[in-house]
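Please read it with the model open.

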Amino acid sequence: MEKSESGSPIYRYTNEDKNEFKGAGGDSSMEEISDHIEAHIGEIHMVFHEIVSEQVHIDVHWVKPTKEHPFHTLITSGMSDKPMNTPEGVEGCDYAELSICLPEEWKISEEDFKDENNYWPIRFLKYLARFPHEYNTWLSYGHTIPNGNPPEAFAENTKLNTMILLPSILFGDKFPILELENKTIIFYTLIPLYDEEVALKMAKGVDALFDGFDKFGLTDVLQINRPNTIVKKKFLGLF
């Protein structure tokens, strides 16, 4: 298997790897996930339901900004309806859901989503929630998924082009894991990265990103024009 400089496996997928279309199925935990969201994040204002689903039915729960959490939070349900195809020896990572946090001024409505500059975080959220079931694979902590090959910016309003899955740092220690009778669901937040940040992660591992994240105060909340946390000369070993 191909590996990065850090020793992590690299998975590559093409349309030929994609599973045939199947109607959505699985063991839905939407009610439990909704209760979990409202217990740890806030009241769900709206759920964006899918009309047509493939492999699993992905809904997106929207929690509006509050005084405690002054940003929009969008969380999937449906990704965990089916287990992912985790490698042998990997335990406790079979079921997952995803979230992304958007700044308070972000435009969120069905009408606003007709503009890709508003919709791309939700588009990628849903794409990744379905991804492991479409390609018979898995997603977990530290995995990076580029927007195409080679990666292209997510939209015209940003140069960010790759998502990384990390634990949320904004909702306390109890939110990231939901224990149910028949499965354990892990919640990951999506953080968009620049090319140089992806290169560092591939060379040194995901933990190498955190010093830069801390230095620039990077949180779960998306900033489309945020500073690049990598000092290129330092990364290249020039000083």
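1. The whole structure holds six salt bridges (a side-chain nitrogen of Lys or Arg within 4 Å of a carboxyl oxygen of Asp or Glu). The model is predicted: local features need pLDDT of at least 70, side-chain atom pairs count only at pLDDT 80 or more, and totals for chains, interfaces and linings use all residues. Residues are numbered from 1 along each chain as its sequence is written, and side-chain values use heavy atoms, without hydrogens and water.

2. Arg226 pairs with Glu197 in a salt bridge, with the closest N and O atoms 2.7 Å apart. Arg226 lies in the loop between helix H4 (210–215) and helix H5 (232–235), and Glu197 in helix H3 (residues 195–204), so the pair ties together parts 29 residues apart in sequence. Helices are DSSP runs (H or I, at least four residues), numbered from the N terminus. Arg226 is buried at 5% relative accessibility, and Glu197 is buried at 0% (buried is under 20% relative accessible area, exposed over 50%, partly exposed in between; 1.4 Å probe, protein chains only).

3. Glu111 and Lys114 form a salt bridge, with the closest N and O atoms 3.1 Å apart. Glu111 is exposed at 54%, and Lys114 is exposed at 65%.

4. Salt bridges also link Glu50, Lys126 and Arg130 in a network.

5. Which residues line the largest cavity? Among them are Leu160, Pro192, Asp220 and Arg226. A cavity is a set of points on a 1 Å grid over the protein atoms alone where a 1.4 Å probe fits but cannot get out; lining residues have an atom within 4 Å of a point.

How values were computed:
On a 1 Å grid over the protein atoms alone, a cavity is a set of points where a 1.4 Å probe fits but cannot get out, and a pocket is an open set with protein on both sides within 12 Å along at least five of seven lines; lining residues have an atom within 4 Å of a point. Helices (H or I, at least four residues) and strands (E, at least two) are DSSP runs, numbered from the N terminus.
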